[in-house]
Each structure stands twice: as structure tokens, then as C-alpha cells.
Amino acid sequence: MRRESGARSRATPLGAAPRTPPVILLIFLLIWSQPPTSAESLTVVSWGGSYARACTKAYHEPFTANSGIKIRLEDYNGGLAQIRAQVETGNIHWDVVDLEIADAVLACDEGLLEFIEAGDLPPGPDGTPAAQDFLPDTFTECSVGTTFYSTIFAYNRENFSGGEPATIEDFFDMKRFPGRRGMRRTPQVNLEFALMADGVPLDQVYATLSTAEGVDRAFRKLDTIKEHIVWWTAGAQPPQMLADGEVVMSTAYNGRIFNAQVLENQPFTVVWDGQVLDKGQLAIIYGTPRLKAARRFLAFAAKSESMARLGRYISYSPVRRSGSALITTHIETGVDMKPHMPTTPENMTRALHNDWEWWSDHVDEMNERFSAWMAR
Amino acid sequence: MDGTLKTVRLRAAVPVLPLVAFILVTFIAPLATMLVRSVYDPLVAGAMPETLFLLSEWDGKSIPREAVFEAAVRELLGARQARNLGRVVTRINRVQPGMRSVIMKSVRKLRRISGSDSWRDTLIDMDPAWGKAQTWQAIRRTGERFTMRHYLHALDLDRGPGGGIVRQKPERRIYMPLLGRTLAVSLSITALCLLLGYPVAYLIAHAPHRWTNLLLLLVLVPFWTSLLVRTTSWIVLLQTRGVINDALVALGLIAEENRIAMIYNMTGTVVAMTHVLLPFMVLPLYSVMRTIPPLYMNAAATLGASFPRAFWRVYWPQTQPGVFAGSLLVFILAIGYYITPELVGGRSGQLISNMIAYHMQQSLNWGLAAALSGILLLCVFVIYLIYDRVVGIERMKLG
């Protein structure tokens, strides 16, 4: 009886109770039909919020219109654990990921990403070869840069009637500017801010951090405001904390503050002094069955036009020379984007380039030190 | 006769097999894998066998001889071919921070070089770090297949320059203080749960029958509510601009600028975890109290004992199996708790499990995560042994 096959059970007369085979068949059907592996769809994983929305408008939708390949957007909060799990089990459902550059390098070294090829880097609109058009150090062996974004600090004007903060030193000045500060719960960027505020020149920041005394110095500087720091983890938190009055100033990603300024009319001011510049990266998960489509997507996103279009939705600027020339206005409000871009020369008077190489060497060490410091 | 008895026994065991298989697959196997991972790491040994073999004869002080360099160059390039280099380098970098960029940069340059008379000079030319003994010591240490370095790391210890075991510098000690804190917090949560749960269980066990179900429901509804919902409700209540602070300000008990920080610190962790774990105390207590006949207390009263005396001499000893069961349950759940401290612990309310999660998800240092888990497991085991010695496990009653 048990060995009764699907064919037999179909032959049973109507009215007889159907046994398990149809159910099993159904399950099989579900499993078989489940993965939408056809070339018509790609899963792109990004940081959510206003940034992911901007990417959708700037190059996901135009890419779909152009190629017929649909984009499924997923959110994540950074880190490599999920990518590693997918590559190691061979069950890959992400295709393209938006990564921090240090993570992109790490993931590349760990064999979690596909190497980029010449075709992934399209020439500029006037035919300039990509190698000359991309700004130096904006792509890696496995990833293509798409935007400059910056960690700055911003304050709520309502909290300051007399003088307003203007430099990174002011962020650490509790006497002139009392009140709580927001900072991201990571050693990254915070150690750099601390050293810059302590008088270390830009070009010496990472050299100083490479010495034990330099690290001590950075933590000692952070000690001076430790009791007044509110820690944040997601990019959407700082504008919220500033608006709620939870903090009077906070470090933040410049694009998130820009959105609060122009779309919500929040009385926030960005302090560009001491900004830490980063390059957002796109990379392809190693072993994806949709490699060809993923490469097409990468090449599309890496076009100067795509980068410039992104800069019309959020204040993150292109990493290509030809793209910088295309910066215009915010598409929803018509605000001129130039003053809000991290790479605009007036905003670059004291700007530190995040040294991903230093961080990929020291991230574990600094994280432990930071955790120990936090717990004390 | 003997044979048939065996068959009967075997047949009786058959229905249990799925359970045995289930436990094997979902509990024993992962646990064993984890413990193995904490001491065994064959990756570097497998990628650089010859270099490590040659290094085993090295004195540990001078610059190694040419053959070592030659083997290292060949095996590093081979690891790159196998897409393994990153993982090898990550491990070496953990022992000697800074080695990642030294090796990666050198390998990138080596790919463009076809040959060399002296790989020793070539490499030291590329980066002076190759001429330092500590670089090769790091490679040698990472190459150990069986290693105690994760456990040393988890115990805030390190190998000194001479190879002896030394304590980490004070500003780098993190895991032991955190473990101590975790144990202390779990203990206070257990005490709080007992303090709060005992009267509740007493009330439920001795309330008129028609009230019992309603009161039990009041304990069970939070128990059935999602952990996340309960934790975030505490955020709403306790935050600086939350319900409690607003009420205190409105009543004039505290000034607007002196709002109390009750969340994103240890207070938040203790409050939220006590609430989440309370049912695990109340239910065993209740099930024990229910079975205590009121006759004993009545008898004590008729013999002239006051209520406190009767309670302490007659009632309390009878509830001990429930007290022990509830305490053990709450304590063991508390030391492994992760999500609540993550959400409401802020800077000072993090526990050891948050560090384990960090090494699992962010740093991908699974060896260290496994060693930390192993130590936590050992703690639970020791507590269980102490409990068994002092109380006797057969006295425990879970319901």
C-alpha cells in the first residue's frame, strides 16, 4: 500500500480519499518553481532609507527600463556574515551588494566577491578611458565605487543662540557648547575625529593611530566627552535624535542630514570641517548564477550619468571626474546640490580620506579596544 | 528468552529514535563543531605546509633562511590562486595586526615578478616587516593546527615575547571583566525574579479557585508575547522622553533637565531581562506551591506559631524545590541572553553573549566566538555541578 505511486493514485476512482502523493507533488512543484533564477531579475542589497530610495530612482529603475532586467531591492546593515554564509553554502540569493570599501577589500580577500573586469568600468561620456576618469582609489579589485559620502557632524540651530560650532574641535568642546553628542557605535571615524580635534594634522592621523601612544591619545580625547555621548548604529538615527532634542549635535552621514534639511525643513547645520570621506562600493557576490546580468548592472551603475543622477536625489557625489561636472539640482526641491556635496572644494578645506587599508589591518584590534573602553 | 527480551527492548526504543536523531543533529553536532572550532584550525597549516615545516627548525630570533622565504612566496601565491589567501592573511593579522596589508601588498607585487636570486632580499625590500622575527613568529603560531590561542584570547591572556603566557595590558582586558559582569547581572536578575515572583506565585496558588485562571493568564500573556514587543515596550516606558520620565517631570518630582537615564545602560538591561524571565520563576514556584496542602500551615497555626514563623519553618522549606528550579532556570537563561541587552543595554549594559554575536557576525572570528561560548558552557556546567552538590538535582521540580 505504501508504495502506491502517484500514477496509481490518479487511477483511483473518484471519491476515494486522495493519499499523500498529490501533497508531495505539490511540495515538489513549489520547490521547483521557487527560485526566480531567470535572467530577468537581480537582487541588489543596499543600506535602506533615503539612500536606497535614491539609488532606486537614480539607476535601478533606468536600468530596468534599459535592459528589461528587474531589480529586487533588499536592505541590510553592513557586515559580511550573510555574504559569507551564502557563498560557503553555495545558496546564493544576493547578486549585487552595496559595501563599505574596507568591507569590500576584506570580502575580496576572503574570496566572497567576483573580481571586476575591464567591462565593468565604462568610459566617460566623452570617451575618456575609465582608468583616467575614475578618481584615484575609488575602486578595488572586486568593487566599483559609485559615490563619495562623508561622515560629518551636524547640529540643531535651535540649541545654540550665541556662537555656533564651526570646527571639529568644537564638537569636543564641552565648555563652549554643552549638551549631549551623538556618535556612531564603532571605533571607525570616531578615532579620526578625536585625533583631528586634538591637533593632529590630516596627513598624520593614520600614522599616529599606528602607534600605541596615538591610539591612547585618541581614546583620551574621547574620554573628555564620553559621559555626554549617545551612541547610534543606523544612519537614520542622527537626524531623529537631533530633531527630538536627544542630542545637540551628532556625527552623521551628510546625505541623511541633507534630506532632513530640504525635505523636512529641519534647522540643522552641517559642519564640514574635519569631515571623513568614504567611497560607497558595489560588488558582485562570488558564484552568483546571474553573473552576466550582474555585470551589466554594475557597468550601468558605474556610468557617470548614473552617479550624477544619484546626486540629484541625495547629496552624495560622483567618484568620476566626468560625473562631478554633471552635478545640478535636487530633483524634488530644486535646491542647488553643489554646496551640499562632500567633494565641493569649499567643503574640503579640512577633509580626511578614510584609509581603508589601515582599517582592514586594524579593525579587529580597534574593535576590541573600543569595546573594552565602552564597557569601562 | 534473553534474545526475545532484547528484541522487545529494541522495539521499545524505536519510537525514541526520531528524538535521538533530532537531538544529535540540532544539539550535539553543532555543540561539538563549535568546541572543535575553538581549538582546531587547519587552514593556515594546509595552505603553507612547507613554510611551516621549515619554520619549525628556525631559532625564533634571527631572520629565517632563504628557503623559508622561497617557500613562503610560492605558497602565498598558491593560496591566492586557490582564493584562500584572504582567509590565511586574516588569521595571521589577528595574531599580528598590520600583517594583512604587508602580505597583500607584497603578493600583489610578487605576481609581477617572475624570479629572484634572493627572495629574502626581495621581500624585505618590499616591506621591512619581512625582516622582523615577530612576523615569522606570527606565521608560525597561526600555523598550529591545534591551538589554544582562542582560549588565551578569551581569557584576556597572551603569549609574551618569550612564549610564556602573560596577561593582556589592562586597557585590552575585555572578556574576563565582561564575563564577571554577566555572572553578576544574571545573579541579580535571579534574585530580583525570586523576590518578585515568589509573592505572585503564592498569590496564584492560594487565591480562590475562580481567580486562579485569571491570575495565571496575567503571567502567561506576557510569557506568550513576543520578546521583541516586550523589550521595545520597555524602551517606550523608560527612555529619557518616555512615559515614566514624563510622569515624573509632570508631577514635579524631577526637573526637566534632570530626566533619569533608565535605559541604554545596565538599569535597562536588568529591568527588561527581569521582566522577560519572570514567568520562568513564577511557573515552577506555582506548580510546587499548588501541591502543598494548606493543612500544614493550619497545623502550625493551631500549635501556636505566628504566621511569619509558620511560613519560615513550615511553608518555605516545602517550596524549595520550586525555588531552586526557578532560580537555576532563570540564571542559566540569563547568562546566555543576547537580544535584550543588545536592544536596551547601550554602552554599559552589554553582556558576554553580545561579544560572541559580534565575533560571529561582524569580525567573522568564529574560533574566538567558539572559545567564548565554550567558556560560557563551562560556567553553566560548573554551576550545575555546584547545584547538584549543594542541593541535589533530584530535588528540582520544574512543574
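# A tour of chains A and B

Start with helix 5 (residues 66–81) of chain B, where B:Arg74 and B:Glu70 are four residues apart and therefore separated by about one helical turn. Helices here are DSSP runs of H or I with at least four residues, strands are runs of E with at least two, and both are numbered from the N terminus. Show the two side chains: B:Arg74 and B:Glu70 form a salt bridge, with their closest N and O atoms 3.3 Å apart. A salt bridge here is a side-chain nitrogen of Lys or Arg within 4 Å of a carboxyl oxygen of Asp or Glu. B:Arg74 is partly exposed at 39% relative accessible area, and B:Glu70 is partly exposed at 31%. Buried means under 20% relative accessible area, exposed over 50%, and partly exposed in between (1.4 Å probe, protein chains only).

The model is predicted: local features need pLDDT of at least 70 and side-chain atom pairs count only at pLDDT 80 or more, while totals for chains, interfaces and linings use all residues. Residues are numbered from 1 along each chain as its sequence is written, chains are lettered from A and ligands numbered from 1 in the order written, and side-chain values use heavy atoms, without hydrogens and water.

**Chain B as a whole**

Zoom out to chain B, which has 20 helices and two strands. Its radius of gyration is 30 Å, well over the 21 Å that the globule rule gives for 399 residues, so chain B is more spread out than a compact globule. The radius is taken over C-alpha atoms, and the rule is 2.2 Å times the number of residues to the power 0.38. Along its principal axes the C-alpha trace spans about 100 × 85 × 35 Å. Of the 399 residues, 43% count as buried.

**A salt-bridge network in chain B**

Next select B:Arg241, B:Asp246, B:Glu256 and B:Arg259, which are linked in a network of salt bridges. In the bridge between B:Arg259 and B:Glu256 the closest N and O atoms are 3.1 Å apart. B:Arg259 is buried at 15% relative accessibility, whereas B:Glu256 is partly exposed at 40%.

**Across to chain A**

Select A:Lys221 and A:Asp198, a salt bridge with the closest N and O atoms 3.9 Å apart. A:Lys221 sits in helix 10 (residues 212–223) of chain A, and A:Asp198 in the loop between helix 8 (190–197) and helix 9 (205–209), 23 residues apart. A:Lys221 is buried at 17%; A:Asp198 is partly exposed at 30%.

**The interface**

Now show both chains. Contact means heavy atoms within 4.5 Å, and 38 residues of chain A are in contact with 39 residues of chain B. The chains bury about 3300 Å² between them, 42% of it on carbon and sulfur atoms. Buried area is the accessible area (1.4 Å probe) that two parts lose on being put together, summed over both. A:Asp109, A:Asp361 and A:Glu368 supply 19% of the area that chain A buries against chain B, more than any other three residues.

The rule finds seven salt bridges across this interface. Select B:Arg94 and A:Asp364 to see one of them, with the closest N and O atoms 3.5 Å apart. Then colour helix 16 of chain A, which gives the most to the side touching chain B, with 14 residues.

Finish on B:Tyr358, in helix 19 (residues 352–361) of chain B. B:Tyr358 is buried at 18% relative accessibility. Not counting residues up to four places away in sequence, B:Tyr358 touches A:Asn367 and B:Ser363.
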